[in-house]
Amino acid sequence: MMRACLFLLWSTLSATWTNQIIVTQTPGVVKMIASGTVTLKCHVDQILAFCHSVTWMKVDARTGTMSTRTNVKINTTSEVGKRDRVCSATITNALVSDSGMYYCLAVHSKAVHTGNGSNLIITESSTESPNIKIVSSDSDGSSAALLCLVSGVVPSQVHVFWLIDGREDSGLTESTWTDNSDSATEFTRNQILVQAEEWDRGVQCTCVVEFEGNSINKTLQRIDLGVLCYVTVWIYRLLGITAWLLLLILATTVAACRGKTRGVQRNDTSKNRGRRHNSS
């Protein structure tokens, strides 16, 4: 990270020393699906540089280091003796790991001029949506820490804030990575401290994630264990009463069926006796 920052600082100072010449890039932001193709353009008309003197570098969002990519094809074609206004770089079969900030570096008059950057965002599919998870810590007597974790989307695509009992609070937002491997994924986290008095009385804490014009919310509320136990006891009592009523109904039904059966048997016996008496 430090090396990349020093390099960009040096390039910026070089541009300042050469009458503040600016190299611009288009597009500023590109969002695309993996395996696609994208072309980045570097406008060097202000310095009239040759495209073969332009280099493209990528700043890795996780490590902060600058590197070249093997799947970047730089267009260096130009007529002999003629300068170019737009130099391009094409990325084919783009991978999610190709996401990052791309800078064009043009050499002119023994100075390196750096473009303003193109942010490339590559996703697995076009139907992605953020996944939200809220983690809480117990109150330390003064406040309770809440952490909203947003995964599944690039951090630059979302805006995260909190609603504490309807009151908006920006919290502290930062992006981080799942691990240090090449397959690591980037996610967003936003932390906020809620006053112990609010947290203990069960205030509603909602993490709001704005993504592509839509808002996705997830709410967390502290549950009083005393109230929970009280509710649980009443649920068990209700279940016990229900079970007792069912047993009572079952016993009554069985008794009624037995009584009806005995009555039928008695009637049959009386009829049989009457038939015997008549026949005699």
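The following dialogue explains how to read several features of a predicted model.

Colleague: In which strand is Tyr 103 found, and is Tyr 103 buried or exposed?

Modeller: Helices (H or I, at least four residues) and strands (E, at least two) are DSSP runs, numbered from the N terminus. Tyr 103 belongs to strand S8, residues 100-108. A residue is buried under 20% relative accessible area, exposed over 50%, and partly exposed in between, with a 1.4 Å probe and protein chains only. Tyr 103 has a relative accessible area of 14% and is therefore buried.

Colleague: How many bridges join S4 to S8?

Modeller: As a general idea, strands of a sheet pair through backbone hydrogen bonds, either parallel or antiparallel. Two strands count as a pair if DSSP finds at least two bridges between them. Here, S4 and S8 run antiparallel and are joined by six bridges; Lys 58 has Tyr 102 in S8 as its bridge partner. S4 is also joined to strand S5 (residues 66-67) by two bridges, again antiparallel, and Val 59 has Met 66 as its partner there. S4 and S5 form a hairpin with six residues between them, and Gly 64 in the turn has a positive phi of about 75 degrees.

Colleague: Why is strand S4 described as largely enclosed by the rest of the structure?

Modeller: Strand S4 covers residues 54-59, and five of its six residues are buried, so the strand is largely enclosed.

Colleague: What is the order of the strands in the open sheet of four strands?

Modeller: The order is S11-S12-S16-S15, with antiparallel pairing. Strand S11 (131-136) and strand S15 (172-177) are the edge strands, as each pairs on one side only. S11 is joined to strand S12 (residues 143-151) by six bridges, and Ser 136 stands opposite Leu 146 in S12.

Colleague: Which residues have the most contacts inside the largest nonpolar core?

Modeller: A nonpolar core is a set of buried Ala, Val, Leu, Ile, Met, Phe, Trp, Tyr and Cys residues joined through side-chain atoms within 4.5 Å. The largest has 22 residues, and those with the most contacts inside it are Val 38, Cys 42, Val 44, Val 54, Trp 56 and Leu 120. Among the strands that each supply at least two residues of this core are S4 and S8. Another core, of 19 residues, lies apart from it and includes Ala 144 and Val 203.

Colleague: With which residues is Glu 198 in contact, leaving aside its neighbours within four places in sequence?

Modeller: Contact means heavy atoms within 4.5 Å. By that criterion, Glu 198 is in contact with Ile 164, Arg 167 and Val 203. Glu 198 is found in helix H2, residues 196-200, and counts as buried at 12% relative accessibility.

Colleague: Where is Ser 35 placed, and what is its phi?

Modeller: Ser 35 is in the loop between S2 and S3. Its phi is positive, about 80 degrees, although it is not a glycine. Ser 35 is exposed, with a relative accessible area of 53%.

Conventions
Residues numbered from 1 in each chain as written. Predicted model: local features only at pLDDT ≥ 70, side-chain atom pairs only at ≥ 80, totals over all residues. Heavy atoms only, no water.
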